[in-house]
Every structure is written in C-alpha cells, then in structure tokens.
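Colleague: I would like to go through this model with you. I will ask how each label was reached.

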Amino acid sequence: MGYIKEKFKVKAEELGLEVKELIKNHGSRKIDEVTIGQVYQGMRGITGLVSETSLLDANEGIRFRGYSIPELREHLPKTQGGAEPLPEGLFYLMLIGELPTEADVQYLSGMWARRSHVPNYVFDAIEALPISTHPMTMFNVGIMALQTESVFAKAYAEGMSKKDYWSYMYEDTMNLIARLPHIAAYVYRRKYKGGHHIQPNGMLDWAANFAHMLGYDDDGFKELMRLYMTIHADHEGGNVSAHTTHLVGSALSDAYLAFAAGMNGLAGPLHGLANQEVIKWILNMREELGGGIPTKAQIEQYVRKTLSEGKVVPGYGHAVLRKTDPRFTAQMEFAKKHLQNDELVRIVWMVYDTVPGILQELGKVKNPWPNVDAHSGALLVHYGFVEYEFYTVLFGVSRALGVLASLCWDRALALPIERPKSVTTEWMKLFVEGK
Ligand code: AMX
C-alpha cells in the first residue's frame, strides 16, 4: 500500500472512532431547525451534511481544512520558479488534513502520471457524438465510458467486505483524477482543434500537463491552470456538484458514476456553466456597444437591460456567500500581476465596480458580490483560450479533487445511503392547520 493511502487509512480510523463517540454521546442533540420556507426554497441554511474537505464562511469565503485561499497560495508547494500552488498539494490537504511537503506533492504528480492511461474505447465513445455536442456532455460521456475501469464496482460484484469499501474507492479516485485531464483535453482538441491531439508529458505536474495536452505550453497559462485547478476544487458539501456526487455515491455507486452525476449538475447555468455565461455576456455587451472598453454608464445601462429582460447577471450572487468571493479576488490578483492591461480584464473590473450597487438596489438579491465565475473567462481569453463553451469542463476537472477526496471520506466513515424525508403541499397545509 502506498504511504499516502496508509496515512489516509490511519486518519480515517481515528476520525471514525471519534465520530462513533460523537454519535453515541451527542447523537440526539439538535444543531438546527427547519422552517417551511427553507423546505420550499432550496433548503438554504439547513445544516444537514458532513463534508470534511472544506468549510464555507458566508463572509470570509472558503477554507480548505482551515486554510483560506490566500493562505493556500502562500503555504502549498509550488513548482520550481512558480508562484501558484500545485493542485496536487490541495488534494493531499483535503484528503489527509495536513499541509503536504514537496515530496508528497511530487509523489502524487508521479502517481497520477503513471495512472493516466485512457483506453481507446473512451475516445471512441466521444467520437460517436456529433461535433456540435456541448463539451460537458462529451466530457461526461467519456467519464461514463471509463466506468468499465472501476475497481470498486468489480470488487463489489465479486463480493467485498464493507471494511474494504474505502480502499477501492481510493483506487478509483486516484485513477479517475489521473485520467480526467486527458479526457478533457481530448474533447477540447476534437471540438476546436480539428482532432489534432497532443500526447501527455509525464514529466510535467498534473495541471501543467493538462495545459500542455490542451495545446497551451506558455508558462503563464500553466501557472493559471495551477491556480484555476486549486481554487475551483471544493466549496463545502452542499453545492450541486459536491452534493450530487456525495448523494449518488451514498448508493454505493462507484466514483465514476457518482462523479459523472455531479458533473451533470455542474453543467447547469446557475452552477458551473455560469463561467461560460459570464464571458458570453461580456462579449455580447462589448459587441452591442461597438467594441473597445465601454464606459461605466454604458455598463450600467447594459446591466439594467439584462435585468429588465428577466435574466440574472451571471457571475454575481451566491446561495451562501455574502461578500466578494476570495476565488474572484485570487484571480484578480493574478491578473494584476500578469495581465494588468488586458482589455477584457479591465472590463471585468469595471463590471465589478458597477454591478453590486445595481443588484443591491433590487432589494431582493442576498449577495450582490461577484463569485468565482465572474473573472475566470477573461483570464483564459487572454491566453487565447476563447472557446468559452469549454470553460465548465476546466471547472469540472478541478472539482474532481474536492468531491472525490470527499467520496473517499464518505466510504471511510461508512456513511449510509442518503434518504431525507419529503412531504407534499397537502401535508404542509394540514400541518399549518395543526392537523
Ligand atoms: N442577477 C439578478 N438577479 C439575481 C442574481 C443575479 N446575479 N442573484 C440573485 N438574484 C435574484 C434571484 O434570481 C432571486 O430572484 P427571484 O426572487 O425573483 O426568483 C432573488 O435575487 C433572490 O435570490 P438569492 O437568494 O440572492 O440567490 P439564490 O441563493 O436563490 O441563488 C445564485 C444563488 C448563484 C443561483 C444566484 O445568485 C444567481 O442566479 N446568480 C447568477 C448565476 C451565477 O453566477 N451562478 C454561479 C454561482 C457560483 C457557482 O456555483 N459556480
């Protein structure tokens, strides 16, 4: 057994005992109450899940095992001469609960490179789809085709002990994370680059190799990918992609099935697809206004027009956050350092100056501030990555790190099948009448 797996096993056994004690001694204590409004309004604010990998504070933003995004950018290992964290390090932190050493990160880079082979029939499955298919659909078809490789499903079919679930889930997780960049890059090159594919380079770290297979060997783009893959990885357990992966996994569906389900949720415009919507919205605005950098008044007018058409302003608002998303700020800092004078970036910053005030005026938007998706597109376009329909796939490759680390914990803690109670409105009416 590799030493990271051994370490995870020890950590999981320790926490497993603590959880048992917690349930035994405090299992009947209330941590929340549920109102009728919450039941109808997306279960917002109900504490009903455990997710070990990260915790969201409405004002501060996300913390991964206690570390904020600025702290991660400072403390996680970097590549030689680089300034951005290696996502391998974040995965280690989420899985093990401790900051990794450089050696830990190198071990993961090497392990993922060794496990990255994707069988040809996965590419054949993608090839069977029309070229007009959305990249997220192609990506998910690839993941589903790869499910044949699940060691968890195979071991379950052969009859395995409950005690071993975590071990097979761990293997599936490592194999899937190792292979996702190749599948994603295949989709990109097939759809946008005439099917001219680029072979992986096993000497590169996970994010840099992904950039390389996409066709971007610029050092700046590789740094962007390391940052991008780190900050999009996890956002505690209740968001659609994390919650779906966890829910489907709770039926003992393997990592491939559970992750593909989560990716179908990420493909929704109110969740991960928002990043493509943001850049589309900005480009449309620029085109409508005749090109160049619009004035603040023009942006304001365009925002009001969007709202008057009954649409949301993409990249703004959040179900839990109530301040500017630190993932937005991290990207803004990256832009200030590397691409100060980029026209689209400057528009993103002007939109940031304009939108919150207008959303606040509406009186109903709980969070008028930008989320992670408000900035990412402009950075990608700067490096020539203009195919915005693909952006959610990048988000998805990163999201695998968080939701799959969580899935390992779900099986290690032997969490049961998830099955909350639902009621009908008829039931609610009788409840309100006191019957
Ligand atoms: N533009 C216009 N209206 C908005 C808005 C926005 N950016 N954000 C919220 N509102 C509206 C809602 O549509 C809702 O209107 P309604 O009462 O007429 O239906 C009202 O304000 C209250 O909504 P809320 O409680 O503030 O937000 P929510 O928790 O229901 O939804 C979210 C959160 C993210 C779906 C919403 O803010 C939104 O649609 N934002 C734009 C899409 C986006 O950027 N999504 C990405 C989120 C991050 C991610 O998952 N990647």
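Colleague: Where does aspartate 254 lie?

Modeller: Aspartate 254 sits in the loop between helix 12 and helix 13. Helices here are DSSP runs of H or I with at least four residues, strands are E runs of at least two, and both are numbered from the N terminus. This is a predicted model, where local features need pLDDT of at least 70, side-chain atom pairs count only at pLDDT 80 or more, and totals for chains, interfaces and linings use all residues. Residues are numbered from 1 along each chain as its sequence is written.

Colleague: Why is aspartate 254 called buried?

Modeller: Buried takes 20 or more other C-beta atoms within 10 Å of the residue's own, exposed 12 or fewer, partly exposed in between, with C-beta atoms placed from the backbone. Aspartate 254 has 24 other C-beta atoms within 10 Å, so it is buried.

Colleague: Which residues is aspartate 254 in contact with, leaving aside its neighbours within four places in sequence?

Modeller: They are Gln147, Ser150, Phe152, Ala153 and Asp172. Contact means C-beta atoms, placed from the backbone, within 7 Å.

Colleague: What makes helix 13 largely enclosed?

Modeller: Of its 12 residues, 11 are buried, so the rest of the structure largely encloses helix 13. Among the buried ones are Tyr256, Phe259, Met263 and Leu266. The buried residues of helix 13 pack against helix 7 (135-146), helix 8 (151-158), helix 9 (165-192), helix 12 (240-250) and helix 19 (391-412).

Colleague: How do you know that the span of helix 13 agrees with its 12 residues?

Modeller: The expected span is 1.5 Å times one less than the number of residues. For residues 255-266 that should be 16 Å, and the end C-alpha atoms are 16 Å apart, which agrees.

Colleague: Tryptophan 409 is in helix 19. Why does tryptophan 409 count as buried?

Modeller: Tryptophan 409 has 25 C-beta neighbours inside 10 Å, so it counts as buried.

Colleague: Is arginine 65 buried, exposed or partly exposed, and why?

Modeller: Arginine 65 has 18 other C-beta atoms within 10 Å, so it is partly exposed.

Colleague: And what of glutamate 236?

Modeller: Phi of glutamate 236 is also positive, near 50°, in a residue other than glycine. Glutamate 236 lies in the loop between helix 11 and helix 12. With 21 other C-beta atoms within 10 Å, glutamate 236 is buried.

Colleague: Which domains does the assignment give?

Modeller: The assignment, automatic or from a database, gives domain 1 (1-27 + 41-269 + 394-435) and domain 2 (274-382). Their centres, taken over C-alpha atoms, are 27 Å apart. In domain 1, 18 residues are in contact with 17 residues of domain 2. Helix 11 gives the most to the side of domain 1 that touches domain 2, with 5 residues.

Colleague: What surrounds the ligand?

Modeller: The ligand is surrounded by 22 residues, the closest being Ala274, Val312, Gly317, Ala319 and Lys366. A residue is near if its C-beta atom, placed from the backbone, lies within 6 Å.

Colleague: How confident is the predictor?

Modeller: The protein averages a pLDDT of 97, and 100% of the residues score at least 70. pLDDT is the predictor's confidence in each residue, from 0 to 100. The complex has an ipTM of 0.99 and a pTM of 0.96.

Terms used: Two residues are in contact if their C-beta atoms, placed from the backbone, lie within 7 Å.
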